[in-house]
Amino acid sequence: MDVAGLRNCIASTLTANAEIRQTAEQQLKQAESSPGFIGALLDIVASEQDANVRLSSVVYLKNRVTRAWDSSDDYAGSSHKPIPEGEKPAFRDRLIPLLAQASPQVRQHILTIIGKILNYDFPDAWPNYVEITMNLLTTSDIQSVYAGLQCLSALCRTFRFKTKDAREDFDRVSEVAFPIILQIGTRLLDETSAEAGEMMKLILKCYKHAIFMDLAPHLQAETAIVPWATLFIKVVEKETPQEALGEDIDERAQHPWWKAKKWAYSNLNRLFVRYGNPNTLSKGNGDSYMEFSKSFIINFAPSILTAYLRQIDLWVSKQIWLSKVCLSFIVSYLDECVKPKTTWEHLKPHMNSLVAHVLFPLLCQTPEDLELFEDDPAEYLHRKLKLDFYEDVASPDVAAVNFLNTVAKHRRKQTFTILNFINEVVNRYEAATEAEKNHVEKEGALRMIGTLSSIILAKKSPVADKVEYFFVRHVFPEFRSAHGYLRARACNVLEKFSDLNFEDQNNIIVIYQNILACLEDPALPVRIEAALALQTLIRHDAIRTAMQQNITHIMQQLLKLTNEVELDQLANVMEEFVEVFASELTPFAVELTEQLRDTYLRIIGDIIEKGGNDEDGILTDDKSITALGVLQTIGTLILTLESTPEVLLHLENVLVPVITTTLENRLYDLYNEVFEIIDSCTFSAKSISPTMWAVFELVHRTFKDRAEIYVEDMLPALDNYITYGSEMLRQNQGYFEAIIDIIQTIFTHDKLGAMDRICGCKLAESVLLSVRGGADQYLAGFVEIGMTKLTNDKEPKVRSYQIHLLEMVINCVYYNPLATLHVLEAHNWTNSFFTLWFTNIDHFRRVHDKKLSIVAIVSLLQLGPEQIPASVQPGWHRLLQGVVRLFDTLPVAMKNREEATKDPYGGEEYDDGADSDGWEESADAWDNEAEDVEDDIGNDESAYLEFLSGDGLDDYDDDDDLDEESLIESQLDKIEPYTLFRDTFVMLKASHPQLYENLTNALSRDEQAVLESVVEIASTHDVAAAQLANGS
């Protein structure tokens, strides 16, 4: 490989000249499959003086290794030629020496490369990796030790999600390496430099990764846990170097010593939560850690709590600063200490102080919050309403909310302490002069009481009847506050207490009027909180009735808000309002849909312009969640308009840009919602308009353009095109061929599995049932697909898939029994098919399955003796035995379907499980509770963890029969099976008496009795039909 030429090519990719840059990028693409490519890149990284060229080279190298190191990697795909095996050993040998001398920017990319290779090659193909790492760790050169820590960290990271047998090799490594890095960490405690902090951080991250899923036996030993826990606590308590206390708070938290503290807290919390609390051990790991947990909760957990409380005292007295994530870890640990008796007895004496001086300040608005509220309200809302998982971890106010809820739920007497504190704050605010009022404290107190709403309103709560008075006195006045954040909090508290039953109905009217006014508030967060509150308050009849008069204006306000800020919660509000107020919104449906469309297109336009979707069509912009919510609202709106076909026809034209923009730009994350819109339009209209046929052409092109894996999302819409567009399919061969192409592709595409191919079976069934007499040319192909898959041992042995394949062929029998038998005979499949059919007949549990088999058997009974293949004539009598079994079990299936179509909540008010939060039998029983420290309180999550680690899904492949689906519709629904069979049976007796006698003689008395009852039921249906026809 020409290293100099490659270097010049990389340099050319950095030029401002677009033509030169594009040519160079194309040359690089071609060169990457040449022998020696990765070695040449490594030469450039090692020797290049130009920092930009060096960085570009290592990035390109990282991408090449990531995509093509292992040929079996799904990510690699066919477009990336695998790296030759012969080049790998020398490449691996050069990586670690290069890591030791690389600059920090380059080093991070090399570590990514090492991690990728370790994932595939360790230990078999890289057996000397540990030896090299250990040599680096034990040298006297500080840079080599640092490189050794990075290498060990990369190995630990590779194994962090592996458990039990899959980590045996790693456990052997950690048993040797961890005592060494523990010694290094202990020596670093006396250091203050940023470099020492960086090394300490790496040591603590090694431990973090090592214990993430399992705690190895050697780390459970007292000789290991004592020094490691001691190291963590010392890092937590270490006085932070002055250089780590810069003016910029965000930069301060990124200093290596603060990161080291973060991982020290993280490790202590992980040890307690996952391994050190006997009550939280799940079924899967209880045996392995029970002894360890019993020791830990007595000997270590209280000491950790004491250390944390010391840090809190120092923070409260402003003697130290704590980063947000460190505060969050501390409060989260306190939360975990509430339930166990051992830790609660240490925590309980501090509760009053913690509520007043820690939890309450954390729940109050910070100066930064107030600044954001005024200057950047959209960002304020993002932080307050859209916290993602990683933000939650670093948010001490979220941890404080969780802690308060845990205490109030599991140590109920503390609830009175918290409520008394809240009352003190709001009463002090009420009594103060306007100049002396502390508005931030008032807002924090309201947030605190809102946090406890589910506890306060729980069944048998001794304080629930006091809430309405609290609202009138302390919440209602804040709707008129001069401070926007207090108006917003008033709305939020109302949302939290939406389940409160007000005794004075006038208060409900006051609430509605204030919320409506807040929807017009000049402050964006107030308007948002008002909208969210209004959604929950429609449970009150008075509010719901009042909203009927204003719903169009309210929806206009919501659409304006959606255009001001991207929040998925707003879409949820609109979707519910569209459903609840469907009749009131119908006259404005077109206008509302146009506005929703414009909002969606604006959001998507922003996403596309900013490059918010990656090369795989995955949306990476936060706006995508809002766009998804708008699509869901559109889908709900369409379903409410089923009785107005002229409006639906108009909406189809309105929504074409939504569909085309999403599909043409391959916005895969939104495909499900877009296909639901297509489904809703075609299903609600029960016909396919020219507009929707044009959409179908785009759907077919989309399917063929890397979207085959979304066939489950497409299925309902495609089924509608067949069911409601059957006449057009008969007339337009191009549309019909597109449907058949989709079905055939589903069964031949190598990326589609059993669940996807079930969709192919359903589409084939829809064709055979809906286009009867018009699909003759495709019949043989359907039989061949079904039988080829059924007789192929390599096909997935999933029963639901097997049943659908079998029903695909049964549908062919019903469509044209003679032609189907001809195809079966030609391939010598006839006996195999009938054997599979009748041995699996008890697995046809749905009404649809049973009716399909009945009508198919009826079709076969209509054949003359001379048309029955000789190969199955001896067993032909089993047709009657099969139909007897089907009719015998049909009533039960019909009852099951009736149950499935009922309201999922049984017509009763939905029980949200509030009983689990209920109070004791009475407040008196509470007040008389003994002062003794309570026993351990069981962990609610442990049962869930046991379920996850259990064997509940092991039998899936063997026991996944089809159950009734409440919304399934089929052409078979129009067929009355009793009359159909009776008429065929009578005709068989008249036209082929000998065949009739042969079939009936094989029946037992019980089977004959079932047939007699079928005839009787058919007669009953005749009488009923006659009476209906006569109008009686």
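**Figure 1. Overall view of the predicted model.** Of the 1032 residues in the protein, 51% are buried. The model shown in every view is predicted. Its secondary structure consists of 53 helices and 0 strands. Taken along the principal axes, the C-alpha atoms fill a box of roughly 105 × 85 × 65 Å. Across the whole structure, a search finds 37 salt bridges, and the count of disulfides is 0.

Figure 2. C337 takes part in no disulfide, the nearest cysteine sulfur being that of C326, 17 Å away. The residue C337 is buried, and its relative accessible area is 0%. For C518, the closest cysteine sulfur belongs to C491 at 3.7 Å, which is too far for a bond, because a disulfide requires a pair of cysteine sulfur atoms within 2.5 Å. C518 is also a buried residue, with a relative accessible area of 2%.

**Figure 3. Close-up of the negative surface patch.** The patch is formed by E247, D248, D250, E251, E368, E371, E374, D375 and D376. Two helices, α13 (249–253) and α20 (367–375), each supply at least two residues of this negative patch. The most is given by α20, which provides 4 residues. E371, one of the patch residues, lies in helix α20.

Figure 4. Along the chain, F696 and I739 are 43 residues apart. In the model, the C-alpha atoms of F696 and I739 are separated by 9.7 Å.

**Figure 5. Close-up of the salt bridge between D1022 and R982.** The closest N and O atoms of D1022 and R982 are 2.8 Å apart, and the two residues form a salt bridge. D1022 belongs to helix α53 (residues 1005–1029) and R982 to helix α51 (residues 977–991), so the pair ties together parts that are 40 residues apart in sequence. D1022 is partly exposed, with a relative accessible area of 34%. R982, by contrast, counts as buried at 12% relative accessibility, because the limit for a buried residue is under 20%.

**Figure 6. Close-up of the network of E566, R602 and D606.** Salt bridges with shared partners join E566, R602 and D606 into one network. R602 is partly exposed, with a relative accessible area of 28%. D606 is likewise partly exposed, its relative accessible area being 21%.

**Figure 7. Close-up of the salt bridge between R730 and E727.** R730 and E727 form a salt bridge in which the closest N and O atoms are 3.4 Å apart. Both residues lie in helix α40 (residues 726–731). Their separation of 3 residues is about one turn of the helix. R730 is partly exposed, with a relative accessible area of 36%. E727 is partly exposed as well, and its relative accessible area is 48%.

Notes:
Residues numbered from 1 in each chain as written. Predicted model: local features only at pLDDT ≥ 70, side-chain atom pairs only at ≥ 80, totals over all residues. Heavy atoms only, no water. Patch = residues over 30% accessible without salt bridge, like charges linked within 9 Å, V, L, I, M, F, W, Y side chains within 5 Å. Areas by Shrake-Rupley, 256 points an atom, 1.4 Å probe, with all protein chains shown as cover. Salt bridge = Lys/Arg side-chain N within 4 Å of Asp/Glu carboxyl O. Lys, Arg positive; Asp, Glu negative; His and termini not counted. Charge placed at Lys NZ, Arg CZ, Asp CG, Glu CD. Buried < 20%, exposed > 50% of the residue type's maximum accessible area, 1.4 Å probe, protein only.
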